[in-house]
Amino acid sequence: MNSKVLKTLEYNKIIDKLTELAGSRMGKDLCTALLPCDSLTEITLKQKETSDALSRIFKKGSLGFYGLHDIRSSLKRLEIGSTLGAGELLHMSSLLDATLRVKSYGCRDTEESSQDSLDEMFTSLEPLSPLNNEIKRCIISEEEIADDASPTLKGIRRSMKIANDKIHEQLNSIVSSSNSRTMLQENIITMRNGRYCIPIKQEYRGQFPGMIHDQSSSGSTLFVEPMAVVKLNNDLKELAIKEQEEIEKILADLSNLAGMEIEKLYNNVTTMAQLDFIFARANLSKQMKGSEPKFNEKGIINIKKGRHPLIDTKKVVPIDIHLGKEFSLLVITGPNTGGKTVSLKTVGLFTLMGQSGLHIPAFDGSQLAVFEEVYADIGDEQSIEQSLSTFSSHMTNTVSILEHANYKSLVLFDELGAGTDPTEGAALAMAILSNLHKRKVTTMATTHYSELKVYALSTEGVSNACCEFDVETLRPTYRLLIGIPGKSNAFAISSKLGLPDYIIEDASNLIGKQDKSFEDLISDLEQSRITMENEREEITALRQEVEQLRNRLTQKNEKIDKAKEKILEQANEEARKLLQEAKDFADRSIKNFNKWNAEGGINKDMENERGALRERLSETESKLSIGNKPKQRKALKPKDFRLGDAVNVLSLGLKGTVNSLPNAKGDLFVQMGILRSQVNIKDLELIDEPVITGPTLNRTGSGKIKMSKTASISPELNLIGKTVDEALPELDKYLDDAYLSHLPKVTVIHGRGTGALKNAVHTFLKKAKYVKSYRLGDFGEGGQGVTVVEFK
């Protein structure tokens, strides 16, 4: 890619932003050297790397590359057998710390997680923890080696400490001595040339035995090493030499250890720099709210809501641009400062960024084409030194573009043909665009020439576009409208700015009829476009409203269905409870009727029970029929009844037969099983069924009672978990029901436990008149935990 277009489209400013986001010097160098490429495979790989890094940032947060040092020069020295210094080894340790941190960041949480393009890089990193730990153990800082780096070093430093202590002890005794106190300039111990000395006055030079190492600038003070500490100083000097030799040996050993891992260290430093570079691209995408563009080699560009990355995000207006499918040449017209140049630069800069592996600030699904070269003639490049006017400089660029551009190039012209006679300029611009169009060069050009608008309208594969301008506010909207030629709006703008109407009218008369008609046509098209856009917005709003109403209706219907189901469920449950209560009450009444019948027939207790039963059944029926209209039935007369007619007693909910004819009040007796009761004809309903008569046949309801009991009674009763007081009433009712259902035998489950429940059951069974026999269960029946009862 030519360097001129990188500068023209301000690609270098994007690179500056990218470089700031890198964490290491090597990463910054890679960012600075980033250039667009024209290989679709390489572009796709770089884009995938950027996307994968961005995905990891969103999932795990940002990744820091601090501590990453360029140790490649140190590795070169290791290759030839050199020993590294403490600082170089510490830089190596810092690199290995960063490597461990980055490798941990790159680890997958689960094995099922899908792989991405960065996994191989993260996997290839080797933290070399043994080497790193050994460096940290031996080296504290660039100036200090740890005492424990080796036993020899530890011994030497112990000896040095002892020697130091002896020297200080000896010197302190000299300084504090009354004999030498008058000779001392100051009562201090100092060091000169690596040896301990004390300051002696010049006049006592011959009286104080020792070696002179230095004197003050005035000459009044001599720094003398007393003879008593000369040997100790010599010993200390020898120990210092041994210490340095041992340190060099330790550094050599560490260098040898590092030398065994040269390849892994090389891989670490290059891979870490590459990851730093990739994550810088991802962070730039996050900063710009970018997305990965899809690339093709068909010359198709389709940018959705693209935002120029160098314009303030609060001010930039997203634009939609498509090019290369229906047309390969786009002519953009409109007033100055309307956004034409920004549109050109956006397409060009997006192309350069995308082909460099950078995301573009646009919506997902945007497409870019792979171009071998991008040429741009944008801006005023007039040169006083070269005696070039604006037109000349533009034409020089244009000539170069025409020489080098081909079908794999993207060409951008700003104000093509400007700076000279409008007629000639328009003709040149049309000829240049026509030439590029014939050669199938993807081209975008901005212009004010009406001739180019006509050319775009009349030429296949060429389209007009305009930058929208609001005449009322005299401000551009910066929206790019493809397929519509733009107006210069010079007259409208001048009028708004206060130019007298008569001057504008004179200017209008000076325009040729053809030009005026064309401007009117453009104006009509613009008005039609605005109308269509307004209608489309209204339709969109209506569609959204309809969708919202439909969703609300659907939700409402769902709520109604759920409420309906819940209400029905509650109603069914309530009905079941009411019916169960009525059934239980009727069962108890029938049991009492059977008992009273055996004791001597109908009595006062039976009449009371019958009344209570009728009242309870009526109450139950009224509860079940809440909200329902009473069923219409035929009014009956006394003459409608005959002896033996089957009737339904509504208040009792029982069936029976007519036992006597109605009296004057409409009262008659009805036989309902063992119950004979007087009822009024208003409470009766005739049943259409044949009357069965016979000399020995008594019609009763017992058969029907027996059937209903048999349909619901179980051959087993489970009393486990109940107390004796709870179990015996339930056992009594159950045995009555079973006996009425004509079951031959039943099983009572009482469990083993303490035996109290079993004994109570057996005691009750002994007194039951309808129990023929009972026994404990056999093997396979439940054994001692159940009692089998046989009825008479």
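This is a tour of one predicted model, taken selection by selection.

The model is predicted, so local features need pLDDT of at least 70, side-chain atom pairs count only at pLDDT 80 or more, and totals for chains, interfaces and linings use all residues. Residues are numbered from 1 along each chain as its sequence is written, and side-chain values use heavy atoms, with hydrogens and water left out.

**Whole chain**

Select the protein chain. It has 23 helices and 25 strands; helices (H or I, at least four residues) and strands (E, at least two) are DSSP runs, numbered from the N terminus. Of its 792 residues, 41% count as buried, where buried means under 20% relative accessible area, exposed over 50%, and partly exposed in between (1.4 Å probe, protein chains only). The accessible surface is about 44600 Å², with 52% of it on carbon and sulfur atoms; the areas come from the Shrake-Rupley method with a 1.4 Å probe, and for residues only the protein chains shown count as cover. Among contacts (heavy atoms within 4.5 Å) between residues at least 6 apart in sequence, 66% join residues at least 24 apart.

**Nonpolar cores**

Select Leu9, Leu18, Ile301 and Met444. These touch the most other members of the largest nonpolar core, which has 47 residues. A nonpolar core is a set of buried Ala, Val, Leu, Ile, Met, Phe, Trp, Tyr and Cys residues joined through side-chain atoms within 4.5 Å. Helix α13 (residues 340–354) gives the largest share of this core, 6 residues. Centre on leucine 9: leaving aside neighbours within four places in sequence, its contacts include Lys345, Gly348, Leu349 and Leu352, and also Val374 and Leu412. Another core, of 45 residues, lies apart from the largest one and has Phe65, Leu78, Phe122 and Leu265 among its members.

Select 190–192 and 210–215, which are β3 and β5. They belong to an open sheet of 4 strands, in the order β3-β4-β6-β5 with antiparallel pairing. Two strands pair if DSSP finds at least two bridges between them. Because β3 and β5 stand at the edges with a single partner strand each, one side of each is left without a neighbour in the sheet. On average, neighbouring strands here are turned by 50° against each other, direction ignored. β3 is joined to β4 (residues 195–201) by 3 bridges, and methionine 191 stands opposite tyrosine 196 in β4.

Axes are lines fitted to C-alpha atoms, for helices over the stretch in contact, and angles run from 0 to 180 degrees between N-to-C directions. Helix α11 (residues 230–259) lies across β4, β5 and β6, at about 145° to β4.

Select 646–649 and 654–658. These strands, β17 and β18, pair antiparallel over 4 bridges. They form a hairpin with 4 residues between them, and glycine 653 in the turn has a positive phi of about 70°. Threonine 657 in β18 is the bridge partner of alanine 646; threonine 657 also stands opposite glutamine 671 in β19.

Now pick aspartate 683, in the loop between β20 and β21. Its relative accessible area is 18%, so aspartate 683 is buried. Beyond four places in sequence, aspartate 683 is in contact with Asn648, Val649, Leu650 and Ser651.

**Isoleucine 720**

Finish at isoleucine 720, in the loop between β22 and α22. Its relative accessibility is 51%, so isoleucine 720 counts as exposed. Not counting residues up to four places away in sequence, isoleucine 720 touches Ile749, His750 and Gly751.
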